[in-house]
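Have the structure open as you read.

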Amino acid sequence: MSNTGGRRRPPTIHDVAREAGVSRGTVSRVLNGGHYVSPAAQEAVNAAIRRTGYVVNRHARSLITGRSDSVGFLLTEPQERFFEDPNFNVLLSACTQALAAHDIPLLLMLAGTEDERRRITRYITAGHVDGVLLVSSHSGDPVAEQLREAGVPLVQCGKPMGLGSKVSYVAADDRDGARDMVRHLLSRGRRRIGMVSGPLDTPGGVDRLAGYKEVLTEAGIEIDERLVVSGDYSRASGEAGCERLLAQAPDMDAVFVASDLMAQGALTALRRAGRRVPEDVSVGGFDDSIAATEATPALTTIRQPYDRISSEMVRVLLAQIGGEDPAAVILPTELVQREST
């Protein structure tokens, strides 16, 4: 390779082809997915890339392929929620790692207001990313529908509300997880079980509440609406919700809180009211996030398989970018028993 001004010229696709003993077109096909390339040629090209230190020029390739070779991680929640709720960081980290295996960078996009959502939607539909991993979509939120209509490959975390099979999604089985938790509380002899649900304009909020009601009904326990309040998955809403439950139903002997972060707030409210956990009131959470193990006492909770959710979101999105139809994946949850019940 020649030197210019003392600087070494970076290796090119021609250098890789010469090193591998194949044509430039074969190298190009390997770099763009390996279609119509024999295993022996693909290994020769990959070995030549390692030896030469060749790095793909993403900008040049995007001009040829029409792709950006990047993916957006879009959170349609206020920015403070991203920093408070540990689940978002776990998902972001796991999706980043899953995409790194394909040498694809992930762009974090926060769009908690109408103006932010409008700007981000313009940016995405202009082709700056090849697809979107959408996290936390409320009913009435137009982003998913706008991206779908624009033909942007999209995978939602959690079941979409109102779009049905038109949008790919990966979700934990919220309803079944809630059923497991309420059955567990009943097995502890609890009968006045309260519920702090998630927002009822989200699929998790709706399905976890439905699971709670189903199990109580199966057990012959009448649903008492004084034992049901809703929160927004924040710690403060869990605290406020538990305070309302204690005021409306002071004989409550257990509470199922639809996220670990809200459950931390509920524990604060119970301590302030002089209620011992679990002796007076058992507390169950949902997620198995770091908030569950940091709580005092540590929370019995429902584990969402975030690593699998993330890897499946990436797999489904890359398949959709490659031309496959929308797909739905629902993953099982698991009860994790700790000191709060």
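Contact here means heavy atoms within 4.5 Å. What is Val182 in contact with, leaving aside its neighbours within four places in sequence? The partners are Ile193, Tyr212, Val215, Leu216 and Phe256. Before going further, please keep in mind that this is a predicted model, in which local features need pLDDT of at least 70 and side-chain atom pairs count only at pLDDT 80 or more, while totals for chains, interfaces and linings use all residues. Residues are numbered from 1 along each chain as its sequence is written, and side-chain values use heavy atoms, with hydrogens and water left out.

Val182 belongs to the largest nonpolar core, which has 41 residues. A nonpolar core is a set of buried Ala, Val, Leu, Ile, Met, Phe, Trp, Tyr and Cys residues joined through side-chain atoms within 4.5 Å. Buried means under 20% relative accessible area, exposed means over 50%, and partly exposed is in between (1.4 Å probe, protein chains only). Val182, Ile193, Tyr212, Val255, Phe256, Val257 and Val283 touch the most other members of this core. Among the elements that give two or more residues to it are α9 (174–187), β8 (193–197) and α10 (203–218). Helix α12 gives the most, with six residues. (Helices, H or I of at least four residues, and strands, E of at least two, are DSSP runs numbered from the N terminus.) Apart from this core lies another, of 28 residues, including Ala98, Leu106, Val316 and Val329.

Now for the charges. Side chains of opposite charge can pair when their charged atoms come close. A salt bridge is a side-chain nitrogen of Lys or Arg within 4 Å of a carboxyl oxygen of Asp or Glu, and a search of the whole structure finds 25 of them. In one, the closest N and O atoms of Arg272 and Glu239 are 2.8 Å apart. Arg272 lies in helix α12 and Glu239 in helix α11, so this pair ties together parts that are 33 residues apart in sequence. Arg272 is partly exposed at 49% relative accessibility, and Glu239 is partly exposed at 23%.

Glu312 and Arg315 also meet in a salt bridge (2.8 Å, N to O). These two are separated by about one helical turn, because they are three residues apart in helix α14 (residues 306–321). Glu312 is buried at 18%, whereas Arg315 is partly exposed at 45%. Finally, salt bridges that share partners join Lys159, Arg175, Arg179, Asp207, Glu214 and Glu218 into one network.
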